[in-house]
Amino acid sequence: MPRTLCRFDELREGEARGFGPFEGARTKLFVVRKDGNLYAYWDACPHYGNTPMAWRTDAYLNAAGNRIVCASHGSEFEIETGRCVHGAALGKELTPATIELTSSGEVILKS
Amino acid sequence: MNIVGPDALVFGVDDVGACTKYLTDYGLGPVGVDANGGRFEALDGTAIVVRRRDDPSLPAPLDTNNMLRQTVYGVADQATVNAIGDELARDRQVKRLPDGAVEAADDDGFGLRFQVTVRRKLDMPGERINAPGSQPQRGINQIGVWQEMPAKPRMLSHVVYFVPDLSAGEAFYTNRLGFKITDRLVNAGPFLRPAGARDHHTLFFIQTPPYMKGCEHFAFHLGGPTELMLAGTRFVKAGYQSFWGPGRHKFGSNWFWYFNSPLGCHVEYDADMDVHDDEWEPRAAPNSAEAAQAFLFEYREKWIPGGPPPGGKAEH
C-alpha cells in the first residue's frame, strides 16, 4: 500500500533522510535529494546484504555530499545509480525503493 | 618483544567534525581537538587520533579507501622499541624518530609505530557481582546499577584488520613481533596477543579480497557487562546505529556491542575479556554465527508488562 514519506520541499538539496522501518519490515529506506531529483534505496548494504548503512540517524552521505556511504566499512555508492564504486561492496548495487512524487508535492513509497 | 598492546589508532578521515562528535559521544575524552582533528582518550590514555585525510603529517594511506593510517603499539621500554626497530630494519624501511619511537609498515602496508607505552595505570574496580555460594563482591548496601552511573571506555582493547593473506599476516606478527595465537576462527582468522599483554586478543585478522583491506573495527574495554549495556543504550538513544549486539563472544568471552561509525569501520564496546599466558593451548572452530557468540540480543525501547493503570489510557 502506498505510504506518504514526506513532502518534496521538506528535503533540502543534498540532503538524505531515512524512513521506517514500517510494520512488518526490519529494513529502513532512505531518500536523497540531488540536483532537484530524488533517489530512494533500501537501507541495506549489499556487502552483507541486510545491514544498516548510516552511522547516525539520516547520516547516509559522505562529507562532500556526493556519494552514499555505508558506515560499516566505508563502501561508497553513486547517488544516481546505487552502484558501489569503492570498498567492501564493490561490484554490488543498492536495492532501489520505488517512490513517486505526486502533483501535490508528496513523496510516496510505492513498494 | 615486550609489546604491551595498542596505545592508539590514527585515522585520516573525511569528516573531522562528525568523528569528533561521534568519538566524544562514544565516551572518549577530547585532548587538543580542533577543526583539523586531535586525540580522543580513554581513561588510561590510550586513544583514537583523528586527522583530515589530506593531512601531510599522516603516514601513507593503504591502497584502499580505508581510513586507518597507523596502529601505535605501546612497548615496555626504550630498549624493546630499539630492538623492534633493529628487527624490522632487516627487510624494510624503518623510521627512527627524535622522540625515540620507531615507525614502519607491516607486509600488507598497515602503518605501525612502536613507542614506550603512554598507558596510565588504572586503579578502579571492575564490575562486581553477588552470587549464592560466593562471597558478595559488592558488599552490603552497595547498589549495582543506577541510571546515570559512569560507563566510560577504560582502555583501547583491540583492532581488527581485513587482510588479503592470513598466513602472511600471521607470520609477520608472530615471527617478527612475538605475538602469540590464542585461538583461531577457521576461514576468518587468528586472535593474536602480544607478549606483554594478557588479554585474549589485541589483534584479529579477517581474510577478505584485497580491495577491502583495512580496519574492520576497534574496541575499547569498559568496566563490565552492565557498563557495556548502559554505554550502548546511551549511544543508541543519541541516534547512533547499532550494527551487532549486545552479545557475548565465545573466543575471548568478551561482551560486545558494535556500531557503525564515520571512521569507515565499526566501533565496539567490549567488556570482561579472558586473560591468558603462554600455557594456553589455542582452540580452533570454523567461523559461524554459532562459533562467534554465546548469545545475541538486540536493543529495544524500554517497556513494562501490564496494561495502563486503572482509569489510565493505553499508550497506543
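## An enclosed strand in chain A

In this predicted model, strand E3 (residues 29-34) of chain A is largely enclosed by the rest of the structure, because five of its six residues are buried. Strand E2 (residues 16-19) of chain A pairs with E3(A) in the antiparallel sense through four bridges, and within E3(A) the residue that stands opposite Phe19(A) is Leu29(A). E3(A) is also joined to strand E4 (residues 37-42) of chain A, again in an antiparallel arrangement, by six bridges, and here Arg33(A) has Leu38(A) in E4(A) as its bridge partner. The hairpin formed by E3(A) and E4(A) has two residues between the strands, and in this hairpin Asp35(A) takes a positive phi near 50°.

## Chain A as a whole

Chain A has nine strands and zero helices, so that its elements, read from the N terminus, run β-β-β-β-β-β-β-β-β. For 111 residues a compact globule would have a radius of gyration near 13 Å, and the 13 Å of chain A agrees with this. The C-alpha trace of chain A spans about 40 × 30 × 25 Å along its principal axes, and buried residues account for 38% of the 111 residues. Of the contacts in chain A between residues at least 6 apart in sequence, 40% join residues at least 24 apart.

Chain A meets chain B through 16 residues, which are in contact with 19 residues of chain B. On the chain A side, the residues that touch chain B comprise seven nonpolar, eight polar and one charged.

## The two sheets of chain B

An open sheet of eight strands in chain B has the order E2-E3-E4-E1-E5-E8-E7-E6, with mixed pairing. Its edge strands are strand E2 (29-34) and strand E6 (95-96) of chain B, each of which pairs on one side only. Strand E1 (residues 3-13) of chain B runs parallel to strand E4 (residues 47-52) of chain B, and six bridges join them; Gly12(B) stands opposite Arg51(B) in E4(B).

Another open sheet in chain B is formed by 10 strands in the order E17-E10-E11-E12-E9-E13-E16-E15-E14-E18, also with mixed pairing. Strand E17 (283-286) and strand E18 (295-296) of chain B stand at its edges with a single partner strand each, so one side of each has no neighbour in the sheet. Strand E10 (residues 180-186) of chain B pairs in the antiparallel sense with strand E11 (residues 189-193) of chain B over five bridges, and Ile181(B) has Leu192(B) in E11(B) as its bridge partner.

| Helix | Strands touched or crossed | Angle |
|---|---|---|
| H3(B) (residues 166-176) | E9(B), E10(B), E11(B), E12(B) | about 160° with E12(B) |
| H4(B) | E14(B), E15(B), E16(B) | about 150° with E16(B) |
| H2(B) (residues 78-89) | E5(B), E6(B), E7(B), E8(B) | about 150° with E8(B) |

## What covers helix H1 of chain B

In H1(B), the buried residues are Val16(B), Ala18(B), Cys19(B), Thr20(B), Tyr22(B), Leu23(B) and Tyr26(B). Their cover includes E1, E2, E3 and E4 of chain B, together with helix H4 (225-237) and strand E16 (266-271) of chain B. After H1(B) comes Gly27(B), which has a positive phi near 125°.

Note on methods: Residues are numbered from 1 along each chain as its sequence is written. Chains are lettered from A and ligands numbered from 1 in the order in which they are written. This is a predicted model: local features need pLDDT of at least 70, side-chain atom pairs count only at pLDDT 80 or more; totals for chains, interfaces and linings use all residues. Two residues are in contact if their C-beta atoms, placed from the backbone, lie within 7 Å. Ala, Val, Leu, Ile, Met, Phe, Trp, Tyr, Cys and Pro count as nonpolar, Asp, Glu, Lys and Arg as charged, and the others, Gly among them, as polar. The radius of gyration is taken over C-alpha atoms; the globule rule is 2.2 Å times the number of residues to the power 0.38. A residue is buried if 20 or more other C-beta atoms lie within 10 Å of its own, exposed if 12 or fewer, and partly exposed in between; C-beta atoms are placed from the backbone. Two strands pair if DSSP finds at least two bridges between them. Axes are lines fitted to C-alpha atoms, for helices over the stretch in contact, and angles run from 0 to 180 degrees between N-to-C directions.
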